[in-house]
Amino acid sequence: AHGFHFYKGAPLLNWIIYYPIEKICAKWTDCLITINTEDYENAKKHLKAKKIEHINGVGMNTERFSKEITQKQKNELKNKLKISKDNIVLTYVAELNKNKNQLLLIEMMDELKKYIKDIKLLLVGDGIYIKKYKNEVKKRNLQRNIIFLGKRKDIPEILSVTDIYVASSIREGLPLNIMEAMYMNLPVVAYDNRGHRELVENKVNGYIVNSKKDLVEKMRILINDKNLRNDFGKKSKEK
């Protein structure tokens with residue numbers, strides 16, 4: 001179960017539609033595997049599968065993210081992306097759609113640029129909202145601050161030039177993109193949902209936020225405190 005559609009705070013319609021289906025199907029299920037604590041507890045309480053297990057997501061290829069990336073490679077990538085040495089780089093790797101909620105990050109950048117000029121947001125991924133989000137960036141005159149990278153195969157390299165990882169999705173099971181960022185020693189600022197809460201411990205390896213105002217405030221704290229970013233990043237890797 002890659003994140004039940006019925007969960008604490010989910011729309012009533014989700015409970016009306018998805019919960020009965022899962023409840024009925026559970027009767028014929030030999031083993032139901034959940035990937036976060038909230039879904040595990042939910043399944044044990046409401047669903048009658050023969051066996052219910054909890055594993056931490058689908059795993060990740062740590063070897064891919066352990067390879068050495070030289071300073072020369074980082075500089076070359078920054079040059080290609082027109083990132084200066086003074087820029088603070090934020091990154092989010094996700095499909096461009098309603099649930100991933102990149103609009104929140106665009107609105108965040110509109111606020112942050114009032115206080116911090118040297119800031120870039122890398123949006124990695126493609127999706128049905130690409131045109132909508134690009135139009136929004138143009139409308140807000142953020143073309144120099146937000147870079148759409150499309151689908152990429154060099155995620156480790158992109159994360160190596162990133163200062164803060166940010167995640168805006170509304171619903172998650174257990175997001176692999178955040179695990180990869182954590183493995184790359186990055187602090188994470190993530191919107192409040194069960195999958196993000198499982199990975200990001202508030203004020204330990206990043207921040208969990210629940211509004212645009214909260215997001216902007218926490219980003220300003222991290223942007224202005226390199227030591228805090230490093231400390232959160234180390235805790236991310238440990239976790």
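Predicted model: local features only at pLDDT ≥ 70, side-chain atom pairs only at ≥ 80, totals over all residues.
The largest pocket has a volume of about 610 Å³. Its lining comprises 27 residues, and Lys74, Ser160, Val161, Thr162 and Asp163 lie nearest the centre. Two or more lining residues are contributed by each of helix H3 (71–80), strand E3 (88–93), helix H6 (155–160) and helix H10 (226–238). The largest share, six residues, is that of H10. Classified by residue type, the lining contains ten nonpolar, seven polar and ten charged residues.

The structure contains 17 salt bridges. One of them pairs the side chains of lysine 100 and glutamate 172 at 2.6 Å, N to O. Lysine 100 lies in the loop between E3 and helix H4 (102–112), and glutamate 172 in the loop between strand E6 (164–167) and helix H7 (176–183); the pair therefore ties together parts that are 72 residues apart in sequence. Both lysine 100 and glutamate 172 are buried.

A salt bridge is also found between aspartate 192 and arginine 197 (2.7 Å, N to O). Aspartate 192 is partly exposed at 30% relative accessibility, as is arginine 197 at 40%. Elsewhere, salt bridges with shared partners join Glu107, Asp110, Lys113, Glu136, Lys139 and Arg140 into one network. Within helix H5 (residues 130–139), glutamate 136 and lysine 139 are three residues apart and therefore separated by about one helical turn; their closest N and O atoms are 3.5 Å apart. Glutamate 136 is buried, with a relative accessible area of 15%, whereas lysine 139 is exposed at 63%.

Technical notes:
Residues numbered from 1 in each chain as written. Heavy atoms only, no water. 1 Å grid on protein atoms, 1.4 Å probe; cavity = no way out; pocket = protein on both sides within 12 Å on 5 of 7 lines; lining within 4 Å. Points joined across faces, edges and corners; volume = space filled by probe spheres on them. Helix = DSSP H or I, 4+ residues; strand = E, 2+ residues; numbered from the N terminus. Nonpolar A, V, L, I, M, F, W, Y, C, P; charged D, E, K, R; others polar. Salt bridge = Lys/Arg side-chain N within 4 Å of Asp/Glu carboxyl O. Buried < 20%, exposed > 50% of the residue type's maximum accessible area, 1.4 Å probe, protein only.
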